[in-house]
2 protein chains.
Amino acid sequence: MTEPVQLRSPYLLFLGDAPGNLDAKTATGVAHWRPDLCLGQLRMAGCGADCGLSDMTVAEALEGGARTLVIGVAPMGGSLPESWKAHCIEALEAGMDLANGLHSRLGADPDIAAAAARGGGRVLDVRDPPNDLPCGDGRPRAGKRLLTVGTDCCVGKMFAALALEKEMRARGLKATFRATGQTGIFIAGTGIAVDAVISDFLSGAVEVLAPANQADHWDVIEGQGSLFHPSYAGVSLGLLHGAQPDAIVVCHEAGRSQIDGDYPAQSLASMERIIATNLDLARLTNPAVRLVGLAINTSRMPQDDVGNHLAALTERHGVPAVDPVRTGVAAIVEGLA
Amino acid sequence: MTEPVQLRSPYLLFLGDAPGNLDAKTATGVAHWRPDLCLGQLRMAGCGADCGLSDMTVAEALEGGARTLVIGVAPMGGSLPESWKAHCIEALEAGMDLANGLHSRLGADPDIAAAAARGGGRVLDVRDPPNDLPCGDGRPRAGKRLLTVGTDCCVGKMFAALALEKEMRARGLKATFRATGQTGIFIAGTGIAVDAVISDFLSGAVEVLAPANQADHWDVIEGQGSLFHPSYAGVSLGLLHGAQPDAIVVCHEAGRSQIDGDYPAQSLASMERIIATNLDLARLTNPAVRLVGLAINTSRMPQDDVGNHLAALTERHGVPAVDPVRTGVAAIVEGLA
């Protein structure tokens, strides 16, 4: 079976001409979570984004040992502008890999492919899943797994998983973040974009991504979507079954009451229902699954209200409710031991 | 957007050298449900399967107006034996289409592709989904939809859906079977193999497959897998959300207590749990969804026990429990009006 993609570091993060950091969330995420993987950033004229890394050209990055140019911004319209392409070609011709998480595959672009052939580097369209993924079989496997699940898309499932991995490692626990989306893959250097997997192989992909491990090792798996999302619930359920989680953390954005995006008025399911349904369905492949915490993004809430809000959730659901940014996730990790 | 595949009839059903009808379930299904689409069958030396159609060569079928050679058997090992390929090439060179539901794609075979180019026919790998499927959006759409769901794989979801369509039409209702697997696609002449769709587009594929329709028209959608199947539950949930069913029929094989196939001892969820979970999750895209019947495959049960068994289920779940083969589905359709 083809293995999940493996990126080579150090990275040169490409920010293009992104107007600001909101347009460069992938790059800022990589720089935030894995500064050790990032040699520098490449910004074109007019770029207003900044990851706080040294600015450098492809040539300078090469001199510093960079192995991969990571496209850390999403262009308007989804396809690569010509002005960006020149930098990609320069990096490939110099032997660097090009790592792309956009929906449009760069490996299919003849100019890009030719540059890679000349330089000997790889074009890594990280959303492409491995070939020959198996169907899931649900067989119990060794090791412990924690999955972040959500009330919706974009509520902080990746952030929570990375914060949990960091906290677990800081306490001497064995923990590995397992990436299921493109930004997570750049951060982990490997992973599988589960929403790009053919449906038949969804749970099997997660079994490959988070294989059997030492009994005291935690895989911290990045969740996707929500069981109550009209577009992506199938992805969430395949991920839940494949993960065989021992523990789930429910992620939510405080104050969000409707599904995010262009959907008909679709209320979010209640936290009670999200918890109960995730646990109920997860028991199929791990009867011992339990809820170990809530990760609440309170960024739209006044700081003064956060303490009471989290305390009320903790009281109501009987597990620690934290904001990974504002309070950290220590309370959740304490409960794991 | 590319439309779902459209097959041309009449069909010549290819049975190869299948030892018996169990190996030719696709062909026998097509012949059973759509005898009007089938001109004849092509059996090689040693074939022990029989769809009850006239035996004919490709040349004879052409003379009778056949438009498509349908591969109605699954070969050992999954790939097309050379001895079968010769017949496929003969049909393609004569201008017929070749319809294939195997996992291996015949369009990629150079000999097959060359024969199609010479003859002008199409190689229809019906498991290939349309390009450019959208993500689902869950917007309510006109028309009524019934989805067959299951306690497991291979419990009769396609059969029940086809029986329901037939009964509904016999009563003057407007009804269209919507195929979600390869055999169903041969029967309907169109459809989308949802388990071959990229996960992101699962519910969107079903929105395309069963689009808005007249208010009194029923789409009868073939279910796949089960919400409690460790490999395929994601497919089942995406299908459930995309279908926006007004009505569900739960399909089950009497006496089956374990997930079918090579799985760790995995008990089937109880009928109560299957019903409750399907309804609970279906409400996301259709709050008015209701259970309208149970379709029970009682083929392993003595005929004398069937009446009591179905009566007990009817009593317990408050909806008609039928065996589509032994009792027909009239009781379910009566309750729909």
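This is a predicted model: local features need pLDDT of at least 70, side-chain atom pairs count only at pLDDT 80 or more; totals for chains, interfaces and linings use all residues.
Me: Got it. How many bridges join β12(B) to β13(B), and do they run parallel or antiparallel?
Reply: There are 2 bridges between β12(B), residues 290–297, and β13(B), and the two strands run parallel.

Me: And what is the strand order of the whole sheet in chain B?
Reply: The sheet is open and has 6 strands, in the order β8-β10-β7-β11-β12-β13 in chain B, with parallel pairing. At its edges stand β8 (174–178) and β13 (321–322) of chain B; each has a single partner strand, so one side of each is left without a neighbour in the sheet.

Me: Which helix lies across β12 and β13 of chain B?
Reply: That's α10(B), residues 303–317, and α10(B) runs at about 160 degrees to β12(B).

Me: What about Asp323(B), is that residue buried or exposed?
Reply: Asp323(B) is buried, with a relative accessible area of 3%. You'll find Asp323(B) in the loop between β13 and α11 (330–336) of chain B.

Me: Which residues does Asp323(B) touch, leaving out those up to four places away in sequence?
Reply: Asp323(B) touches Ile296(B), Asn297(B), Thr298(B), Ser299(B), Leu310(B) and Gly328(B). As for Val306(B), 17 residues away along the chain, its C-alpha atom is 8.6 Å from that of Asp323(B).

Me: Nice. What area is buried between them?
Reply: About 3,100 Å², with carbon and sulfur atoms giving 50% of that. Ser199(A), Asp200(A) and Leu284(A) supply 19% of what chain A buries against chain B, more than any other three residues. In terms of contacts, 39 residues of chain A meet 39 residues of chain B.

Me: How many salt bridges between chain A and chain B?
Reply: The count is 6. One of the salt bridges pairs the side chains of Asp280(A) and Arg273(B), at 2.6 Å from N to O.

Me: Last one: what do the buried residues of α1(A) pack against?
Reply: They pack against β2 (11–16), β3 (38–43), β4 (68–71), α5 (157–170) and α6 (182–188) of chain A. The buried residues in α1(A), which spans 25–33, are Thr26(A), Ala27(A), Gly29(A), Val30(A), Ala31(A) and Trp33(A).

Definitions and conventions:
Residues are numbered from 1 along each chain as its sequence is written. Chains are lettered from A and ligands numbered from 1 in the order in which they are written. Side-chain values use heavy atoms; hydrogens and water are left out. Buried means under 20% relative accessible area, exposed over 50%, partly exposed in between (1.4 Å probe, protein chains only). Helices (H or I, at least four residues) and strands (E, at least two) are DSSP runs, numbered from the N terminus. Contact means heavy atoms within 4.5 Å. Two strands pair if DSSP finds at least two bridges between them. Axes are lines fitted to C-alpha atoms, for helices over the stretch in contact, and angles run from 0 to 180 degrees between N-to-C directions. Buried area is the accessible area (1.4 Å probe) that two parts lose on being put together, summed over both. A salt bridge is a side-chain nitrogen of Lys or Arg within 4 Å of a carboxyl oxygen of Asp or Glu.
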